[in-house]
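Hello,

Here is the structure for you to look at. My notes on what was found follow below it.

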Amino acid sequence: MRILVVCGAGASSTFVAQRLQRAAVSAGLDLQAEAVPHVALTTRIGEAELVLIGPHLTQVADSIREDAERHGVSVIVLPEDIFTDRDGRRTLDLIANQTASLSGPTA
């Protein structure tokens, strides 16, 4: 699964993406997470299966959802305290609970 983690400038989303990627590797999941600044999302959204929106971008979430829908991409708005998820497992669980797309361990 290809995931884009979106924030204002790409800095805070980098931490979320890196932690999520490590958690996925530990869980044996085929997942690629990449941080993307909000201004670049419109040109990159078609590359993703899922977009995670930083909690500070809730005011533009509807616009992102509309764009994502046109590309068949799912969207999750991350909770306010997501940056306290130091190992990425909570973010991975959030994705697993809200999508049916996470596959089991890769062969």
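Helix H1 (residues 11-27) lies across E1, E2 and strand E3 (50-53), and runs at about 180° to E2. Helices here are DSSP runs of H or I with at least four residues, strands are runs of E with at least two, and both are numbered from the N terminus. Angles run from 0 to 180 degrees between N-to-C directions, with axes fitted to C-alpha atoms, for helices over the stretch in contact; contact means heavy atoms within 4.5 Å.

This is a predicted model, in which local features need pLDDT of at least 70 and side-chain atom pairs count only at pLDDT 80 or more, while totals for chains, interfaces and linings use all residues. Residues are numbered from 1 along each chain as its sequence is written, and side-chain values use heavy atoms, leaving out hydrogens and water.

The sheet is open, with four strands in the order E2-E1-E3-E4 and parallel pairing. Two strands pair if DSSP finds at least two bridges between them. The edge strands, E2 (32-37) and E4 (74-77), each pair on one side only. On average, neighbouring strands are turned by 25° against each other, direction ignored. Strand E1 (residues 2-7) is joined to E2 by six bridges, and Arg 2 has Gln 32 in E2 as its bridge partner.

Regards
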